[in-house]
Amino acid sequence: MARPEFSPEELEPTGKFYPISPTTAKNMPQIQPEPILKLPISPDENLKLMAAGKRPYWFPRSGFGSGDVASFFPRISSDNIANRNVSDGGPAMDFSSFGDAVKSDWFDLVWDRTGSTGSSVRPGNPRIKDITHWEDYVSMPDLSVLDWDEMAEMNKDFLDHNKHKRLNIYCGTWERLMCLMDVSEACIALFDEELQPHTHRFLDAYTNFLIEYISRVKQACDINGVMVTEDWAHMRGPFMSAETASEMLVPYIKRITDFLHANDMLYEMHMCGNTTKLIPCMVEANIDIWSAIQPTLYDKPAPELAKQYKDERMIFGLTAPLVPDTASDAEVSAAAEALVEEFYDCNVMFSFFVMSFDPDAPRMHPDYSNAVYEASRKAFQNED
């Protein structure tokens, strides 16, 4: 069936707004209400077209609460509360009263505030002191004791929209191992052949836990995807080789992606650090989206990586080039058309959010996102 031609009416508000969380997460500016537009298909459907290897109606737009993606940090996860990041349908939480360290019920870990934008597990006192007997130190959280009916009721209105509703999970497989063992010992647990069987046992059990958690959230709430934090690298390079990642981590991530795909959900991987050498492992794990948010750290600029891997199904989540709010209408349109032309054959989604706590930092032009929508709609409207 032929796609409808772009109409300016698509960008006209319907008079309704997407639900937003009352909570300010991580001291970020409060998300503002966003109008619902007259789009030809839903943002979730559009993103899933690209994830399936098909041409979308427009370049998907990522973001924390704006664009085509809505982040969901439910308070039923004590990790979210300990990280001072709750975005759900419940009442606002006053993080200012939490202090600098908060203990999560999950694995009894203490999360310390690290600057204005995040938290990390306190190092120096690992919960797992010997991976060969990890069951003596930790157990998987019991999800059956949580009130899933209350969660469903709390988020019924909050998730009543057609964006891509993305459940955010702080600790993926490697991230959890680091948090429980400290980084150096977690690396040894991956590398040491005598320890590897015990590491596999832990990763297998934790993967089962993650799948159960996602499954319970899915049963209680209408979600379309999951973003998992997996910091495989530091600023100079990966913590492990591609061979080690493929052997020790990829099989478990692929189990999660297989579960998600069987339930019409997408897997997005959030990774900090220089992960360029591990992109083939992400492809092998069959993830749908890589949030490539630190372009200065990669061996190649993130946009060049997106072009290099354009024949793979994996979507690269890129930060759009800055078009400042001082730009003219003509400059905004020209920048949008140039962006679409440059990435026409690539699997990319763009964030138009400038994360800066400096009030004097340049801000993105408010019309740039819609300009890219219009330019890409016109470019893709004759596609099947």
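Modeller: Start with a cut-off: a residue is called buried when its relative accessible area is under 20%. Keep in mind that this is a predicted model.

Colleague: How many residues of strand 9 (residues 225–229) are buried?

Modeller: Five of the five are buried, so strand 9 is largely enclosed by the rest of the structure.

Colleague: How do I read the two faces of a strand?

Modeller: In a regular strand the side chains alternate between the two faces of the sheet. In strand 9, G225, M227 and T229 lie on one side and V226 and V228 on the other, and both faces are covered.

Colleague: Which strands pair with strand 9?

Modeller: Strand 8 (residues 164–169) runs parallel to strand 9 and is joined to it by four bridges. Strand 10 (residues 266–270) is also parallel to strand 9, with five bridges between them.

Colleague: Let us apply the reading to strand 13 (residues 348–351). Are its faces covered or open?

Modeller: Both are covered: V348 and F350 are buried on one side, M349 and S351 on the other.

Colleague: What are the pairings of strand 13?

Modeller: Strand 3 (residues 61–62) pairs with strand 13 in the parallel sense over two bridges, and S62 has S351 as its bridge partner there. Strand 12 (residues 315–319) pairs with strand 13, likewise in the parallel sense, over four bridges.

Colleague: Next, packing. What is the general idea?

Modeller: In soluble globular proteins, nonpolar side chains tend to be buried together. Here the largest nonpolar core has 106 residues, and W174, W232, W290, F316 and Y368 have the most contacts inside it. Helix 6 (residues 196–220) gives the most to this core, with 11 residues. A second, separate core has seven residues, including L39, I41, Y57 and W58.

Colleague: Which residues does F316 contact, leaving aside its neighbours within four places in sequence?

Modeller: F316 is in contact with I279, W290, L305, A306, Y309, N347, V348 and M349. Of these, V348 and M349 are buried residues of strand 13.

Colleague: How do I check the chain as a whole?

Modeller: With 384 residues, a compact globule would have a value near 21 Å, and the chain has 21 Å, which agrees. The C-alpha atoms fill a box of roughly 60 × 45 × 45 Å along the principal axes. The chain comes to 12 helices and 13 strands, and 52% of its residues are buried. Among contacts with a separation of 6 or more, 71% are between residues 24 or more positions apart.

Conventions: Residues numbered from 1 in each chain as written. Predicted model: local features only at pLDDT ≥ 70, side-chain atom pairs only at ≥ 80, totals over all residues. Heavy atoms only, no water. Buried < 20%, exposed > 50% of the residue type's maximum accessible area, 1.4 Å probe, protein only. Pairing = 2+ DSSP bridges. Core = buried A, V, L, I, M, F, W, Y, C linked by side-chain atoms within 4.5 Å. Contact = heavy atoms within 4.5 Å. Rg over C-alpha atoms; globule rule 2.2 N^0.38 Å.
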